[in-house]
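Biologist: Please take a close look at a single part of this model, and then follow the links from that part to the rest. Plain terms will do.

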Amino acid sequence: MFSDFDRLAMQRALELAARGLATTDPNPRVGCVIAHGERIVGEGWHRRAGEPHAEVLALQAAAAQAAEATVYVTLEPCSHHGRTPPCAEALVRARVARVVYATEDPNPQVSGRGAEVLRHAGIAVEAGLCEAQARELNCGFLKRMQQGRPWVRLKLAMSLDGRTALASGASRWISGEAARADVQHWRARSSAILTGVGTVLADDPRLDVRAPEADAAQTRQPLRVLLDRRLRTPPAARLLGTGGDVLIFTELAALADAARGAALGARGARIESLPADGERLALGAVLERLGELEVNELLVEAGPTLSGELVRQSLVDELLIYLAPKLLGEQALPLVRLPELLQLDEAPAFVLRESRPLGDDLRLLLWPRSAGG
């Protein structure tokens, strides 16, 4: 049974972990609190891959006071040697009395072994406190470790009648300034941003994180991923001129155009071939390759065709929708393109997780009903 202070301490650890939302990739976001009784003596959070883990920083802050203390950490302490030494062994050396962690680390190199190391040393171990919050904080890392694919978050902006652009393709701006600023936070926490070549040809987006000028040098730019089956991306596309890595997936036949590939390569793009599925690249293969590249959270900002196909194939883990109080009419472009449904119960269904006003707009977060309850 967890006490009220246990819950307060773990909530604090989750707050600390969230500070690494945009920096820890591809590592998980982890926070740690060390307490003697109800007095906190050390805190830490993992800042970025290759730097000390949350437990190590909290132990440094606590120093000798870590002995016989309780450690609250949002993820099972690691037990393997990676770029940093095992945190479980550091806790043993510090002679802590008790470790409470929110959720097990599904990394095959850890997955219960961290807890085993602690118990073997005589440390009391308890798990599951604030587990749902901890899992949501690291949804991408957990999914990649368990399924080999990233968490797919589909971002869309629409009018009240479910339209995303005028028939001409004009879509700037459906949502307001507050909503557009909010998108930057979702981009910043993402490992990669994906779109299709149709969006590049129509809108020429940058798909980068636009941080304040003072923070620009420290901002991590997500990998930009472009699905371009016939390699139609213009070398002058803005996507290729804003810093950060760009990966273009195409099919093998398109690589025969060496000149076009060289022109895109000269602009910094990396090009890889993947199998096709009819008239499009196989989306399952795309996600599996991104999992191999350690992409945890994938933000999709695409048109109705690619967005609809991801929904149709049940590849979307979360919908991020900005609803604007406007009506665009039936000639405007739809939110997603889906095949005709013959029965209403065939419709993809979602569970509303959160709604939040942003200026005049409303932000909706939804999970597929099959996964969300």
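Modeller: Helix α11, residues 304–312, is mostly covered, with seven of its nine residues buried. This is a predicted model. The buried residues of α11 are P304, L306, S307, G308, E309, L310 and V311. Buried here means under 20% relative accessible area. Just after the helix, S314 takes a positive phi of about 55°.

Helix α11 also takes part in the largest pocket: α11, β6 (151–158), β7 (163–165), α7 (177–189), α8 (197–203) and β13 (280–281) each supply at least two residues of its lining. This pocket has a volume of about 1,400 Å³. Its lining has 44 residues, and T199, D203, E301, A302 and G303 are the ones nearest the centre. By class, the lining is made up of 19 nonpolar, 10 polar and 15 charged residues.

Helix α7 leads on to the second largest pocket, where α7 gives the most to the lining, with seven residues. The elements that give two or more residues to that lining are α5 (131–137), α7, β17 (350–358) and β18. The second largest pocket holds about 880 Å³ of space. Of its 32 lining residues, L21, A22, H185, A188 and R189 lie nearest the centre. The classes in this lining are 13 nonpolar, six polar and 13 charged.

Strand β18, residues 361–368, contains R363. Is R363 buried or exposed? R363 counts as buried because its relative accessibility is 5%, and the cut-off is under 20%. The side chains of R363 and D182 are joined by a polar contact of 3.0 Å. Beyond its neighbours within four places in sequence, R363 is in contact with several residues, including W186, I321, Y322 and E354.

In soluble globular proteins, nonpolar side chains tend to be buried together. Leaving aside neighbours within four places in sequence, L290 is in contact with P150, L194, V225, L247, F249, V295 and L298.

The model has one cavity of 30 Å³ or more, and the largest cavity holds about 80 Å³. It is lined by 15 residues, with D25, N27, R29, N296 and E297 nearest its centre. The lining divides into four nonpolar, six polar and five charged residues.

Notes
Residues numbered from 1 in each chain as written. Predicted model: local features only at pLDDT ≥ 70, side-chain atom pairs only at ≥ 80, totals over all residues. Heavy atoms only, no water. 1 Å grid on protein atoms, 1.4 Å probe; cavity = no way out; pocket = protein on both sides within 12 Å on 5 of 7 lines; lining within 4 Å. Points joined across faces, edges and corners; volume = space filled by probe spheres on them. Nonpolar A, V, L, I, M, F, W, Y, C, P; charged D, E, K, R; others polar. Helix = DSSP H or I, 4+ residues; strand = E, 2+ residues; numbered from the N terminus. Buried < 20%, exposed > 50% of the residue type's maximum accessible area, 1.4 Å probe, protein only. Polar contact = N/O pair within 3.5 Å; in protein donor to acceptor, adjacent residues only side chain to side chain. Contact = heavy atoms within 4.5 Å.
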